[in-house]
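Hi everyone, thanks for making time. I'd like to walk you through one chain today, so please have a look at it before I start talking.

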Amino acid sequence: MRHRRTSIGPTIPSREISPEPSYVARRQVMTGAAVFAAAGAVELGARRAFSATVPAPDLAALTYRKGPLGTDEAQTPLKDVTSYNNFYEFGTDKGDPGQTAHTLKVRPWTVTCEGEIGKPQVLDIDTLLKLFPLEERVYRLRCVEAWSMVIPWVGFPLASLIKKLEPTSKAKFLAFTTLHAPDQMPGQRRPVLDWPYVEGLRMDEGLHPLTLLAVGLYGKSLPNQCGAPLRLVVPWKYGYKSIKSIVKLRFVEKQPPTSWNLSAPNEYGFYSNVNPDVDHPRWSQARERRIGEFIRRKTLPFNGYADQVASLYAGMDLRANY
Ligand SMILES: Nc1nc2c(c(=O)[nH]1)N[C@H]1C(S)=C(S)[C@@H](COP(=O)(O)O)O[C@H]1N2
Ligand SMILES: [Mo]
């Protein structure tokens, strides 16, 4: 959209910058077929990503048990999970992170836990990996761009970590921050978003048993492009809530700022619950393309997790709180 172009710095060719909102908008202009443009953008990206040859990274096998709440839907092949990504710190094309995220250094890595908690601390990732038993959770992931995957994550409930940190009565929200390291993350050298990427949850959302801190997928530690070494997974919300490569968790009293909301507040709200009845201002959310399938399927309220989470939003206007 034109108003977004004006926010792009004069020295950077606009071609190089494709934030989530304008990425699809530009395809709309290019194809002149607005109705099909959102799907077209996704499929063009997919074709490019699938044809790329990405060397298989050497990832540690994890010990885990099968966790509850998983789906038995067909799992998206590992090749697609690792070559069709949104991780703007490594570029805005779906194939970019798989090609470039090898520059991310995932050791040493610490997660700073601070704010309204009784036990503030800096946790080393290898300590964190041993604190709680790891579980496999097979979840649907629904991106706001109207594509989806089914991913067998390995991780532990965020609730386990929250409880260990002993939140005070003032802790009403959780604020997450991604690593800020332009030397390792080439996308951070461009003003695509206001870096570092930040996200947030209400405390009851963070404590919900579906909410996972993932450290792996398909039985091994997370590939860099998927948010190594630690990322959030909130399966009933649009994918952008599931912040990658987390270095900080802050417990706060007020609703924290979130990256996509800061970037385009009329398009991306704080809640971002998957909702087929509330369209994105520039495209429908009624259907989605499961990666690997060609017929678009219906999007389910709360991404199919309504039985588990709808009660969190009882009495709330989900149109106003998008
Ligand atoms: N730090 C960071 N986290 C992020 C993103 C990002 O660009 N940066 N993209 C989000 C979006 S839009 C989606 S759909 C998911 C994609 O996760 P995946 O690439 O592992 O499928 O990550 C989310 N987490
Ligand atoms: Mo997304």
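I'll go from the overall picture to the sheet, then to rings and a few backbone details.

First, some ground rules. What you see is a predicted model, where local features need pLDDT of at least 70, side-chain atom pairs count only at pLDDT 80 or more, and totals for chains, interfaces and linings use all residues. Residues are numbered from 1 along each chain as its sequence is written, chains are lettered from A and ligands numbered from 1 in the order in which they are written, and side-chain values use heavy atoms, with hydrogens and water left out.

So how confident is the predictor? pLDDT is its confidence in each residue, from 0 to 100. The chain averages 87, and 82% of the residues score at least 70. Residues 1-19 stay under 50, with 29 contacts beyond four places in sequence; a contact means heavy atoms within 4.5 Å. Residues 21-52 are also below 50, and that stretch has 57 contacts beyond near neighbours in sequence. Where pLDDT is low, the predicted coordinates should not be read in detail.

Now the overall picture. The chain has ten helices and 13 strands. These are DSSP runs, numbered from the N terminus: helices are H or I with at least four residues, strands are E with at least two. Of the 322 residues, 55% are buried, and buried means under 20% relative accessible area, with exposed over 50% and partly exposed in between, using a 1.4 Å probe and protein chains only. Among contacts between residues at least 6 apart in sequence, 71% join residues at least 24 apart.

In what order do the five strands of the open sheet come? The order is 3-2-11-6-7, with mixed pairing. Strand 3 (121-124) and strand 7 (198-202) are at the edges with a single partner strand each, so one side of each has no neighbour in the sheet. On average, neighbouring strands here are turned by 20° against each other, ignoring direction; the axes are lines fitted to C-alpha atoms, for helices over the stretch in contact, and angles run from 0 to 180 degrees between N-to-C directions.

Two strands count as paired if DSSP finds at least two bridges between them. Strand 2 (110-115) and strand 11 (246-252) are parallel, with four bridges, and C113 stands opposite L249 of strand 11. Strands 6 and 7 run antiparallel with five bridges, and there L174 faces L201 of strand 7.

Is strand 7 mostly buried or exposed? Five of its five residues are buried, so strand 7 is largely enclosed by the rest of the structure. V198, G200 and R202 point one way, E199 and L201 the other. In a regular strand the side chains alternate between the two faces of the sheet.

Helix 7 (158-165) lies across strands 2, 3, 6, 7 and 11, at about 60° to strand 11.

Next, the rings. Rings of Phe, Tyr and Trp (its six-membered ring) pair if their centres lie within 6.5 Å; planes under 30 degrees apart are stacked, over 60 edge-to-face, and the rest tilted. The count comes to eleven aromatic pairs. Take Y240 and Y268: their centres are 5.3 Å apart and their planes at 80°, so the pair is edge-to-face. The two are 28 residues apart, with Y240 in the loop between strands 10 and 11 and Y268 in the loop between helix 9 and strand 12. Y240 is buried at 7% relative accessible area, and Y268 at 0%. Ring pairs also link F173, F270, Y271, F302 and Y313 into a cluster.

F302 comes back for its backbone: its phi is positive, about 50°, although it isn't a glycine. F302 sits in the loop between strand 13 and helix 10 and is buried at 8%. L69 also has a positive phi, about 70°, but L69 is partly exposed at 33%.

Last item: which residues are joined by cis peptide bonds? R107 and P108 are joined by one, with omega about -10°, and P108 is in the loop between helix 5 and strand 2. W195 and P196 are joined by another, with omega about -5°, and P196 is in the loop between strands 6 and 7.

Note on methods. pLDDT is the predictor's confidence in each residue, from 0 to 100.
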